[in-house]
Amino acid sequence: MDATSEPGRTPADPPEAISPQRFHDAEGVDDWRVLYWGAHAFFRAASYAAGAAFVAAMTARDEVARHEPDVDLRREGVAVKLISRDVRDLSTRDVEVARLISAVAREHGLVADASVLQVVQTAVASPEGADVTAFWTSVLGYVRPNETHLVDPLRRGSSVFLQPTDAVGPQRGRMHVDVCVPHDQVHARIEAALAAGGRIADDSFAPEWWTLADAENHKIDVTTWWGRESTRLEEERPR
């Protein structure tokens with residue numbers, strides 16, 4: 001039984017939320033990688049016009065139009081992100097739409113490239129009782145979808161994670177960067193950072209995340225979906 005098999009469900013029922021593991025175990029989603037807040041794919045195009053034609057054909061499909069994926073057209077190709085907003089997580093519907101989008105890409109000669117996929121987030125330590133949320137919301141023009149995150153309303157810029165100070169690990173700064181990369185790209189990304197002069201500061205939470213540091217001891221967490229039960233990032237483990 002694959003990820004879209006839902007015994008007893010009808011088309012009118014809400015989709016079933018699924019884990020990142022279950023998404024990746026499904027057939028026909030090899031082009032896609034689960035990162036923060038959804039499943040992502042990038043399809044390289046020979047030209048801007050070729051990418052635009054793919055977007056037009058993809059969004060002409062009723063299943064895709066109803067799901068309203070985030071689509072970013074650039075001269076290098078087309079980035080697509082899927083998430084089921086009604087369940088605020090990945091669902092069986094995302095598997096179905098991912099398969100369909102990949103099929104349309106193949107029809108138009110576009111090839112997926114997972115090596116360029118990533119999501120960047122800035123984490124700001126915020127002690128209890130210190131109201132910094134209004135400041136960061138105003139200065140960035142962001143919105144607050146939950147108690148711990150601020151996001152670009154058009155989902156273009158990196159998100160901000162307002163991290164409780166009691167969840168900040170020892171010898172950590174009060175601000176750091178998170179970068180979420182495909183699970184099958186993370187070791188190559190870490191090796192590249194080490195070759196560029198970085199070091200592993202903490203790998204005790206691997207493979208959920210590795211903390212790397214540069215020569216000036218600035219920290220960045222390189223993270224994947226491994227170890228997460230869902231695509232949501234509301235945990236409060238030491239970072």
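In which helix is F135 found? F135 sits in helix α5, residues 133–140.

This is a predicted model: local features need pLDDT of at least 70, side-chain atom pairs count only at pLDDT 80 or more, and totals for chains, interfaces and linings use all residues. Residues are numbered from 1 along each chain as its sequence is written, and side-chain values use heavy atoms, with hydrogens and water left out.

**View 1. A nonpolar surface patch includes F135.** F135, V139 and L140 make this patch of about 280 Å². Nonpolar side chains are joined within 5 Å. Areas use the Shrake-Rupley method with a 1.4 Å probe.

**View 2. The largest nonpolar core has 27 residues.** Core members are buried (under 20% relative accessible area) and joined through side-chain atoms within 4.5 Å. F23, W32, F43, F54 and I101 have the most contacts inside this core. β2 (38–44), α2 (48–59), β4 (77–82) and α4 (92–107) each supply at least two of its residues. The largest share, seven residues, comes from α4.

**View 3. T224 lies in the segment after β12 (219–223).** T224 counts as buried because its relative accessibility is 1%. Its side chain makes polar contacts (N or O atoms within 3.5 Å, one able to donate a hydrogen and the other to accept it). The backbone oxygen of P207 lies 3.2 Å from a polar atom of that side chain. The backbone nitrogen of W226 is reached at 3.0 Å.

Definitions and conventions:
Patches are made of residues with over 30% relative accessible area and no salt bridge: like charges are joined within 9 Å, nonpolar side chains (Val, Leu, Ile, Met, Phe, Trp, Tyr) within 5 Å. A salt bridge is a side-chain nitrogen of Lys or Arg within 4 Å of a carboxyl oxygen of Asp or Glu. Helices (H or I, at least four residues) and strands (E, at least two) are DSSP runs, numbered from the N terminus. Buried means under 20% relative accessible area, exposed over 50%, partly exposed in between (1.4 Å probe, protein chains only).
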